Amino acid sequence: MRKLLFGFVYTALALCANIAAADTAALEALREGDMKKLVFHADPRPVSDGEFMLADGAGTGTLADYRGKYVLLNFWATWCAPCRKEMPMLSALQDEFGGDAFEVVTLATGRNSPVGIQKFFDEIGVTNLPRHQDPKQAIARDMGVLGLPITVLIDPEGNEIARLQGDADWNSDSAKSILAAILDTAPEG
């Protein structure tokens, strides 16, 4: 009986691993252009449990606050030229995909004043993304962010499943296809 149970558990685990590998392979096939920089991890990685400052001094939050949905977390700064280029595209992704299953979250890391962040958003016409701050770079440091921008894809369980270093064309068909495929596989809650 014990051998039978062990065999069943082993088969179930192998099947789940193959399904995850197939899903990752399907996502890999959708990567074109800038999305080739999006690296899917073989195993989910934990994210920081540190606190960040919410926009307009409204308190603090954590990445755990977003559990239950996919999150595209963008680390950026007001002085970062590539960040200025890609932020409107991230805003468009939020417009198109944002909701109960997905959210774009922006986290200004380092020295970025709330006034400077608001000015940055006003200049590029972004009104739908959060203006959260990581002023001491604690979350960025916890998550191994060494340059900007860095965008991390977090699953509903709160684990990092992919990372893109540098800026990207988030309006591309490839980016949208990847997100649509991920959200199509998300369990309905």
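## Salt bridges at a glance

The structure holds eight salt bridges, each being a side-chain nitrogen of Lys or Arg within 4 Å of a carboxyl oxygen of Asp or Glu. Side chains of opposite charge can pair when their charged atoms come close.

This is a predicted model, in which local features need pLDDT of at least 70, side-chain atom pairs count only at pLDDT 80 or more, and totals for chains, interfaces and linings use all residues. Residues are numbered from 1 along each chain as its sequence is written, and side-chain values use heavy atoms, leaving out hydrogens and water.

## Pairs to look for

Start with Arg31 and Glu28, whose side chains form a salt bridge at 2.7 Å, N to O. Next, Arg131 pairs with Asp56 at 2.9 Å, N to O. This pair links distant parts of the chain, 75 residues apart. Arg131 is buried at 17% relative accessibility, while Asp56 is exposed at 58% (buried means under 20% relative accessible area, exposed over 50%, partly exposed in between, with a 1.4 Å probe and protein chains only).

Arg84, Lys119 and Glu123 are linked in a network of salt bridges. Within it, the closest N and O atoms of Glu123 and Arg84 are 3.2 Å apart. Glu123 is partly exposed, at 47% relative accessible area, and Arg84 is also partly exposed, at 33% relative accessibility.

## The disulfide

There is one disulfide (a pair of cysteine sulfur atoms within 2.5 Å). Cys80 and Cys83 form it, with sulfur atoms 2.3 Å apart, and both residues are buried. The torsion about their S-S bond is about 80 degrees, so the disulfide is right-handed.

Technical notes:
Helices (H or I, at least four residues) and strands (E, at least two) are DSSP runs, numbered from the N terminus.
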